[in-house]
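Good morning, and thank you for coming. Please have the model open as we go.

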Amino acid sequence: MIEVIDLKKNYSLKDQIITALDGVTLTVEAGEIFGVVGLSGAGKSTLIRCINMLEKPTSGTIVVNGQEVTSLPPAELRKARQRIGMIFQHFNLLSSRTVAQNIAFPLEIVNYPKEKRKDRIAELLSLVGLMEKANAYPSQLSGGQKQRVGIARALASEPEVLLSDEATSALDPQTTTSILELLRDLNRRLGLTILLITHEMNVIRQICDRVAVLQDGRIIEQGTIDELITRPDSLISRALLPQFEKQTISSEATSVTITFMGEAADQPVLASLVRNYDIDVNIIAGNLQKIGKNRVGKLQVEISGKQVNAALLHLMNLGLRVEKN
Amino acid sequence: MDWSSWIPTILAGTWDTLYMVLVSTLFTVLFGLPLGILLTVTDKDGLAPADAFNSVLGAIVNAARSLPFIILLVLVIPFTRLVVGTTIGSTAAIVPLVLAATPFFARVAESSLREVDHGLVEAAQSMGCTDWQIIYKVLIPESLSSLILGVALTIISLIGYSAMAGAIGGGGLGDLAIRYGYQRYETEIMAATVVILILLVQGVQYAGNTLARRISKK
Ligand SMILES: Nc1ncnc2c1ncn2[C@@H]1O[C@H](COP(=O)(O)OP(=O)(O)O)[C@@H](O)[C@H]1O
Ligand SMILES: [Mg+2]
């Protein structure tokens, strides 16, 4: 749905050149939620703004909806942009228009039939759960409500793709969750492809199917959340899973960290381990959380007894990740 | 002093002033707003940057603004004759008034338009708007309240200028004040015109503020 090939972007500031993107290549499949995460200044905004050509790439190719946006003449670029929705950190709603009028804005631009606009606006308002705010002005709304209007506006012209530039970064955690749930819901119900950028790992944890880590204008890691989580050395797993500090209670015991994913996280694995092997298990630290669709658990334990190695082997055979500390 | 004989004179003078100011305001906004838009849009951070054009236009506007009004009044006499066929009377005064107020209002409008959050422009661009659509659907509506204050400010300047223009043959309250108040020592007439001018300025400012507040939904 979105294909970015060897994208480079330089900014020239007086006498120096800043390389914001240094050869980014990524593919966002139709119907998925793809997250790009990175520290401030990594080039995330530059990347997402290149996708709809708000920023003109220095070199590289970008294909959206099968159209090479990087080589479109102005009039066709505008047409292409009507099929790419975008939401923003600071919402960017017109203060002089009501909620309904803000949502009408893109309909005016695409010349949506006048007699159908009212129905379409009502439909969009109900989609984002703001029916009763149709005639309010943005200044009368909370941040979360403003972003809902932003989402409704972005979806008005029925785009295939939604770009989200730090859409929840100005919101509190609860509101962030509700907006992410809305995006997830829209993704499922409408088959909407979403490319979002964020500096918050929580956003990645809550809704992304796939993720790329951007650092200094380069992608240094990319994959599905599920596969990155299971790789202990991945930046994503290190960021999303708790890092236990090394602590030893008993010097005779073997200290290990076990990571549970998927079904294993829902099973009483440890209990059956103690029942079947001649060992003792002492839990030092533990955590269980939801990442994307999966529950992921991480336990730091000390195991002692006669059958430690056999027990560890058993765990590995169950598909759990076991690391000796 | 017999006021009743003066009232028609003062009313006529007030009418002349209102006529000059209102018609000049109309033309000033008509010319100044596009000029202000042009200055904003061609700026290097604008919608359609055009550096050289912007610098030249900016220089012309600044030059026009730095010209003292009294000099402009004299300088444009041939031009006035060309446009309205005469150089005396209220209608003739409108030409220099518009010429003086247009660059002023252009700058005022420019600063109002610049206040519009760039994020709004980007949002509009992301929806596929043309530059023209951004101007009339985003920049103007979003700065309307500030533009109205700018118009009020311009009207107030025009009231001041019109009094000066009046003094050199344009009619209106300025003319009255000079002819009767200054040259014939009719102090009451002078005072009456000053009071009316003050009321006009206050009225315009009040109306501008009220309207701007009504419009602003921020
Ligand atoms: N318009 C610009 N002019 C000059 N430098 C810019 C501009 N926009 C971004 N940059 C620079 O490019 C780099 C990446 O910026 P950005 O894409 O905004 O990062 P992020 O969104 O990840 O915080 C930064 O070093 C930033 O200073
Ligand atoms: Mg950013």
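**The ligand and its surroundings**

By class, the shell around ligand 1 is made of five nonpolar, five polar and one charged residues. Please bear in mind from the start that this is a predicted model.

Which residues form this shell? They are A:Tyr11, A:Ile18, A:Ala20, A:Leu39, A:Ser40, A:Gly41, A:Ala42, A:Gly43, A:Lys44, A:Ser45 and A:Thr46. In terms of secondary structure, β2 (16–28) and α1 (44–51) of chain A each give two or more residues to the shell around ligand 1. The largest share comes from α1(A), with three residues.

Let me turn to individual contacts. An oxygen atom of ligand 1 lies 2.5 Å from an N or O atom in the side chain of A:Thr46. At A:Gly41, a backbone N or O atom is 2.6 Å from an oxygen atom of the ligand. For A:Ala42, a polar backbone atom is 3.2 Å from an oxygen atom of ligand 1. How much of the ligand does the protein cover? On its own, ligand 1 has 550 Å² of accessible area, and the protein covers 63% of this.

**The pockets**

Rolling a probe the size of a water molecule over the atoms shows where empty space is left.

The largest pocket has a volume of about 560 Å³. Its lining has 24 residues, and those closest to the centre are A:Met53, A:Leu54, A:Arg81, B:Leu47 and B:Gln125. Two elements give two or more residues to this lining, namely α2 (74–81) of chain A and α6 (118–126) of chain B. By class, the lining of the largest pocket has eleven nonpolar, five polar and eight charged residues.

The second largest pocket holds about 420 Å³ of space. It is lined by 24 residues, of which A:Leu93, A:Ser95, B:Leu120, B:Glu142 and B:Lys218 are the closest to its centre. Which element gives the most to this lining? It is helix α7 of chain B, residues 131–170, with six residues. The lining of the second largest pocket divides into eight nonpolar, ten polar and six charged residues.

**The cavities**

How many cavities of 30 Å³ or more does a search of the whole structure find? The search finds two.

About 100 Å³ of space lies in the largest cavity. Among its 14 lining residues, A:Gly85, A:Met86, A:Arg153, A:Ala154 and B:Met127 lie nearest the centre. The elements that give two or more residues here are β6 (84–88) and α5 (143–155) of chain A, together with α6 of chain B. Strand β6(A) has the largest share of the lining, at four residues. By class, the residues around the largest cavity are eight nonpolar, four polar and two charged.

The second largest cavity contains about 50 Å³ of space. Its lining consists of A:Ser164, A:Glu166, A:Ala167, A:Thr168, A:Leu180, A:Leu183, A:Leu196, A:Ile197, A:Thr198 and A:Val203. The classes here are six nonpolar, three polar and one charged.

**Annotated regions of chain B**

I will finish with what the UniProt record says about chain B. An unreviewed entry places the feature "domain: ABC transmembrane type-1" at residues 14–208. In the model, residues 14–208 of chain B are 85% helix and 0% strand, with the end C-alpha atoms 20 Å apart.

The record also carries the annotation "transmembrane region", again from an unreviewed entry, for residues 20–41, 53–77, 83–106, 147–169 and 189–208 of chain B. Let us look at two of these spans. Residues 83–106 of chain B are 79% helix and 0% strand, and their end C-alpha atoms lie 22 Å apart. For residues 147–169 of chain B, the values are 100% helix and 0% strand, with 32 Å between the end C-alpha atoms.

Thank you for your attention.

Terms used:
Residues are numbered from 1 along each chain as its sequence is written. Chains are lettered from A and ligands numbered from 1 in the order in which they are written. This is a predicted model: local features need pLDDT of at least 70, side-chain atom pairs count only at pLDDT 80 or more; totals for chains, interfaces and linings use all residues. Side-chain values use heavy atoms; hydrogens and water are left out. On a 1 Å grid over the protein atoms alone, a cavity is a set of points where a 1.4 Å probe fits but cannot get out, and a pocket is an open set with protein on both sides within 12 Å along at least five of seven lines; lining residues have an atom within 4 Å of a point. Grid points are joined across faces, edges and corners, and a volume is the space filled by probe spheres set on the points. Ala, Val, Leu, Ile, Met, Phe, Trp, Tyr, Cys and Pro count as nonpolar, Asp, Glu, Lys and Arg as charged, and the others, Gly among them, as polar. A residue is near a molecule or strand if one of its heavy atoms lies within 4 Å of it. A polar contact is a pair of N or O atoms within 3.5 Å; within protein, one must be able to donate a hydrogen and the other to accept it, and residues adjacent in sequence count only if both atoms are side-chain atoms. Accessible areas come from the Shrake-Rupley method with a 1.4 Å probe; for residues, only the protein chains shown count as cover. UniProt positions are given in the numbering used here, feature names are shortened, and annotations may be inferred rather than shown by experiment.
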